[in-house]
Amino acid sequence: MPPALTRLLTDSRALATLAVPLALTQLAQVALTTTDTIMMGLLGTEALAAGGLALVIFNQLRTMGVGLVTAVGNQVAAADARAESRDTETDGAGAEAAHATRAAHEEVRDLVRASLLLSTLAGLAGALLMVGIGHAVVFLGQDPDVVDTAKPVLYALAPGLLPCLWFQAIRQFTVGMRRPQALLRITLASIAVNAGLNWAFIHGTWGLPKLGLPGIGLATTSVYALSFLALYLSARRDPRLAPVLSLSIWKTRPATLRRLTGLGAPIAATYGSEAGFFSVVALLVGSFGTAALAAHTAVNQLVYIVFQIAVGLSHAASLGVSRELALGNTAAAQRLKSTALACAAAVMAVVALLYVAVPGLVLAPFFEGESRTATDLATSLLLIAAVMQFFDCAQNIGVGLLRGLDDTKGGFRITLVGYWLVGLPASLLLGFTTGWDTTGIWLGLLTGLATTALLLLRRFNRGVRLRDTTAALATP
């Protein structure tokens with residue numbers, strides 16, 4: 001076997017070790033929110049509309065809060081790699097080795113404290129903002145009855161933002177230390193617990209109060225609290241994680257908190273910008289009628305599900321780049337980029353083949369008995385999605401790679417250009433001036449994602465070359 005192919009297979013296996021559990025965890029979280037939506041639908045159309053409105057507000061703030069602590073994993077991975085390097089250099093014995101180990105442990109411990117403090121501050125601010133937005137949306141043209149029904153759900157969901165972000169902070173710590181195994185088990189268990197609590201709080205079974213729709217919000221908050229507790233206790237039992245896991249947030253060094261906030265704020269803004277961009281695209285498609293919006297919603301959900309694989313690859317590659325650059329291995333960092341993109345391309349090719357070969361089977365869950373117009377349009381959108389997913393996956397990996405370089409601001413600026421200065425104008429132009437309608441809007445979406453992906457990957461290549469140059473100049 002050629003050496004290059006052997007190296008690619010070795011790198012792929014190493015990447016998959018971290019990417020697979022992360023991708024499966026993401027897919028499990030999609031199942032979690034899907035369960036909530038199904039339960040809302042069982043309560044009626046108004047309940048679904050009100051609960052959906054509450055979830056949209058919650059998910060927007062949750063997504064941005066998650067972005068704030070996402071860089072923690074990279075910082076922990078880099079610190080852990082430096083600790084291993086120092087331990088190797090000192091042969092793991094003697095006073096010098098013991099001092100190096102203590103210093104490395106304290107660096108990781110301080111990162112954990114700072115991430116939990118940042119999560120707490122973001123969770124409190126987000127909860128207050130969530131309630132405020134819940135009262136303000138009526139002024140944005142929303143049905144007052146729907147808003148009144150959504151408010152109790154928001155009140156129940158708002159406290160859940162705190163344990164949700166605490167869970168994310170511990171999650172980033174565990175994956176940064178390359179110990180993500182418990183994540184998947186806990187997330188899978190949370191799906192069953194969430195479904196049970198939803199039913200119990202809605203209907204008042206098992207001695208619990210009968211709350212109706214707000215019970216879904218309370219169930220979600222309870223599941224986030226239980227998930228955080230389970231992940232924390234799992235980390236406490238891990239001999240490698242326990243020594244550096246600390247809840248003493250009052251001991252956080254201000255400099256560490258400022259550093260994490262500086263890295264996390266652009267990531268939060270990137271996540272918020274991306275979510276906003278896709279929301280605007282949905283509004284544009286909705287102007288072409290119910291069938292168009294139904295087709296868009298169905299295909300977009302398929303893209304979103306497959307996108308979780310990209311998220312797993314992006315996180316794994318990002319953490320790998322942080323580790324390799326902390327050790328000065330720029331060539332290995334470049335190989336990680338190539339491996340992640342190759343793995344993504346292979347998965348996307350299989351999915352694209354399904355879209356093209358059996359579109360009716362892929363769309364069947366969404367259009368049972370629906371109009372032929374929506375089904376035909378969704379089938380044509382699948383052809384665009386087959387190509388678009390390559391770029392959607394690549395741009396997400398690109399954001400992760402730049403995060404590995406600690407270049408979160410550069411990633412944010414590029415996504416602003418790709419989404420809003422290229423993608424949105426292209427969607428408007430192709431959708432409203434050419435007569436292509438929804439198809440044109442999706443072609444504009446493809447254009448924006450392709451531009452974003454190419455610019456992100458180019459910036460990463462430049463960043464790695466700059467690291468190489470800097471290292472060469474620093475060498476005597």
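Predicted model: local features only at pLDDT ≥ 70, side-chain atom pairs only at ≥ 80, totals over all residues.
When two helices pack, the angle between them runs from 0 to 180 degrees and compares their N-to-C directions, using axes fitted to C-alpha atoms over the stretch in contact. Keep that in mind for helix 12 (residues 372-404) and helix 13 (residues 408-432), which pack at an angle of about 155° with their axes 8 Å apart.

**Helix 12 and helix 13**
- An angle over 145 degrees counts as roughly antiparallel, and the angle here is about 155°, so helix 12 and helix 13 are roughly antiparallel to each other.
- Their crossing is right-handed.
- On the helix 12 side, Gln395, Val399, Leu402 and Arg403 do the touching, and they meet Thr408, Gly410, Gly411, Thr415 and Tyr419 of helix 13.
- Sort the residues of this contact by type and you get 3 nonpolar, 5 polar and 1 charged.

**Helix 8 and helix 9**
- Helix 8 (residues 254-286) crosses helix 9 at roughly 160°, and their axes come within 10 Å.
- With that angle, helix 8 and helix 9 are therefore roughly antiparallel to each other.
- This crossing is right-handed.
- Helix 8 brings Tyr271, Glu274, Phe278, Val281, Ala282, Val285 and Gly286 to the contact, while helix 9 brings Ala292, Leu293, His296, Asn300, Phe307 and His315.

**The nonpolar core**
- The largest nonpolar core has 124 residues.
- Those with the most contacts inside it are Val108, Met130, Phe173, Val299, Tyr355, Trp442 and Leu445.
- Helix 9 (residues 290-326) gives the most to this core, with 16 residues.
- Take Leu445 as an example: leaving aside neighbours within four places in sequence, it is in contact with Phe277, Phe278, Val281, Met388 and Ser427.
- Two of those partners, Phe278 and Val281, also turn up on the helix 8 side of the contact with helix 9.

- Most residues other than glycine have a negative phi.
- You'll find Arg178 in the loop between helix 5 (161-176) and helix 6 (181-203).
- With a relative accessible area of 40%, Arg178 is partly exposed.
- Asp437 isn't a glycine either, yet its phi is positive, at about 55°.
- Asp437 lies in helix 14 (residues 437-474).
- Asp437 counts as partly exposed too, at 34% relative accessibility.

Methods:
Residues numbered from 1 in each chain as written. Heavy atoms only, no water. Helix = DSSP H or I, 4+ residues; strand = E, 2+ residues; numbered from the N terminus. Parallel < 35°, antiparallel > 145°, perpendicular 65-115°, else oblique. Left-handed = near helix turned anticlockwise from the far one by under 90°. Contact = heavy atoms within 4.5 Å. Nonpolar A, V, L, I, M, F, W, Y, C, P; charged D, E, K, R; others polar. Core = buried A, V, L, I, M, F, W, Y, C linked by side-chain atoms within 4.5 Å. Buried < 20%, exposed > 50% of the residue type's maximum accessible area, 1.4 Å probe, protein only.
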